Amino acid sequence: MKMIGVVLAGGRSSRMGQDKALLAHKNVNMLAFSEKVLRDCGCDEVLISRNEKGFIQDSIENVGPLGGIYSVLNHLEADAWLVILPVDLPCIDAQTLATLLNYSTAHSKASYYADHPLPCVVPYSIELKQQLKDRLTQTHKRSVKSMLHWLGAHELTVQSQTRLINTNTPEEWQNVTHQLKHHSRSHYGM
């Protein structure tokens, strides 16, 4: 089966005050960084959910990450595993995603990390597409967690919680990038 990476970058970034996908990180922006991590973990191709021309735009607006996932599913026809990654995880690495992907493919089961519905790995299916379409009409069922529950996804324990830190505000972004710079300097003896 094909491995398809999905970057969720369709949010409004209102708490950040600027587009999270365009924040500079490791000499690229977060969109390019996320795409590279997905390719490095073994994805054959990467699709980007982003409400701009040239990307997969939400077919149902303002319904959150589930809307982005649903829109990506509408662009697929063949069986595939989807590695779904939000654009606001600056500490994520390919190994953390590969652990989910390896578990899912070995056990034929969706997977995610405890207390973190994203990133996750889910199988494409027409049933999932229909389920999401139904859920998007009901406000109380629009969470990624509810989708994972419906799929019977397996919860894994992450090796490093730091890998899953997401950044939604300028303060969170500054703290994480400061820690990454400090870690990089101390790691290389600078």
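This is a predicted model: local features need pLDDT of at least 70, side-chain atom pairs count only at pLDDT 80 or more; totals for chains, interfaces and linings use all residues.
Six strands make up an open sheet, arranged in the order 4-1-5-7-6-8 with mixed pairing. On average, and with direction ignored, neighbouring strands are turned by 25 degrees against each other.

Strand 6 (residues 111–113) and strand 7 run antiparallel and are joined by three bridges. Within this part of the sheet, serine 111 stands opposite valine 121 of strand 7.

## Helices on the sheet

Helix 3 (residues 94–107) packs on the sheet, where it touches strand 1 (2–8), strand 5 (80–86), strand 6, strand 7 and strand 8. The direction of helix 3 makes about 145 degrees with that of strand 6.

Helix 5 lies across strand 6 and strand 7, and runs at about 40 degrees to strand 7.

## Helix 4 and its two sides

Helix 4 (residues 126–135) has as its buried residues Leu128, Lys129, Gln131, Leu132 and Arg135. Viewed down the helix axis, these residues fall within an arc of 165 degrees, so they line one face of helix 4. Ile126 and Glu127, on the other side of helix 4, are exposed.

The cover over the buried residues of helix 4 includes helix 2 (65–73), strand 7 (116–123) and helix 5 (144–151).

## The contact of helix 2 with helix 4

Two packed helices are described by the angle between their axes and the distance between the axes. For helix 2 and helix 4, the axes come within 10 Å and cross at roughly 140 degrees. The crossing of helix 2 and helix 4 is left-handed.

Helix 2 contributes Leu66, Ile69, Tyr70 and Leu73 to the contact, while helix 4 contributes Leu128, Lys129, Leu132, Lys133 and Arg135. By class, the residues of this contact comprise six nonpolar, no polar and three charged.

## Leucine 89, a buried loop residue

Leucine 89 is located in the loop between strand 5 and helix 3. Its relative accessibility is 3%, and because buried means under 20%, leucine 89 counts as buried.

Apart from neighbours within four places in sequence, leucine 89 is in contact with Met30, Phe33, Pro119, Leu164, Ile165 and Asn166. Leucine 89 and asparagine 168 are 79 residues apart in sequence, and their C-alpha atoms are 9.6 Å apart in space.

Note on methods:
Residues are numbered from 1 along each chain as its sequence is written. Side-chain values use heavy atoms; hydrogens and water are left out. Buried means under 20% relative accessible area, exposed over 50%, partly exposed in between (1.4 Å probe, protein chains only). Helices (H or I, at least four residues) and strands (E, at least two) are DSSP runs, numbered from the N terminus. The arc is that of the directions from the helix axis to the C-beta atoms. Contact means heavy atoms within 4.5 Å. Two strands pair if DSSP finds at least two bridges between them. Axes are lines fitted to C-alpha atoms, for helices over the stretch in contact, and angles run from 0 to 180 degrees between N-to-C directions. A crossing is left-handed if the near helix is turned anticlockwise from the far one by less than a right angle, and right-handed if clockwise. Ala, Val, Leu, Ile, Met, Phe, Trp, Tyr, Cys and Pro count as nonpolar, Asp, Glu, Lys and Arg as charged, and the others, Gly among them, as polar.
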